Amino acid sequence: MGDDKKLTFPKDERISWKRHLDLLFTEGLSFVAYPLRIIYLPIQRESSNAEVSVVVSVSKKRFKHAVDRNFVKRRIRESYRLRKHELTDFFVQKDTALLVAFLYLSKEKSSFSTIDKAMSKAIRLLIQKYE
């Protein structure tokens, strides 16, 4: 690869602190890029290791089988992994951190291209909100 961007999704880029999760779901703002609902909250840079910390959720109510939930979560994480550099580069320049939750809304398993289009739109909208 000629591009020197690392297309990885390490553990420190995932939200693991309960305090951050609680904060995100109580005070976060949201919008929909169907089939994803995006909840986001800017935080102080010092309180987070990564520029952008992410959590992915698929409802047990919509997908009874763990296999199906995990399948959809893998697609969402893969789409994010491939596109995250746009978002992380932007927030590195802003010197703030962002907590983001991607919640899956559809009742059916979407194709990767559908999820990828929604992810692209979501990242574009997140950047626009802080420009």
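The legends below describe close-up views of a predicted model.

Residues are numbered from 1 along each chain as its sequence is written. Because the model is predicted, local features need pLDDT of at least 70 and side-chain atom pairs count only at pLDDT 80 or more, while totals for chains, interfaces and linings use all residues, and side-chain values use heavy atoms, with hydrogens and water left out.

**View 1. The open sheet of four strands.** The strands follow the order β1-β2-β4-β3 with mixed pairing, where strands (E, at least two residues) and helices (H or I, at least four) are DSSP runs numbered from the N terminus, and two strands pair if DSSP finds at least two bridges between them. The edges are taken by β1 (29–33) and β3 (52–58), and each has a single partner strand, so one side of each is left without a neighbour in the sheet. On average, neighbouring strands of this sheet are turned by 20° against each other, direction ignored; axes are lines fitted to C-alpha atoms, for helices over the stretch in contact, and angles run from 0 to 180 degrees between N-to-C directions.

**View 2. The pairing of β3 with β4.** Strand β4 (residues 97–104) runs parallel to β3 and is joined to β3 by seven bridges. Ser57 stands opposite Leu103 in β4.

**View 3. Helices against the sheet.** Helix α2 (residues 66–94) lies across β2 (36–43), β3 and β4, and runs at about 160° to β3, contact meaning heavy atoms within 4.5 Å. Helix α3 (residues 112–130) also packs on the sheet, where α3 touches β1, β2 and β4, and its direction makes about 30° with that of β2.

**View 4. Aromatic rings of Tyr80 and Phe102.** Seven aromatic pairs occur in the structure; rings of Phe, Tyr and Trp (its six-membered ring) pair if their centres lie within 6.5 Å, and planes under 30 degrees apart count as stacked, over 60 as edge-to-face and the rest as tilted. The ring centres of Tyr80 and Phe102 are 5.8 Å apart and their planes stand at 50°, so this pair is tilted. Tyr80 lies in helix α2 and Phe102 in strand β4, 22 residues apart, and the pair thus links distant parts of the chain. Tyr80 is buried, at 1% relative accessible area, and Phe102 is buried at 0% (buried is under 20%, exposed over 50%, partly exposed in between, with a 1.4 Å probe and protein chains only).

**View 5. A cluster of rings.** Phe31, Tyr40, Phe90, Phe91 and Tyr130 are linked into a cluster by ring pairs. Phe90 and Phe91 are both buried.
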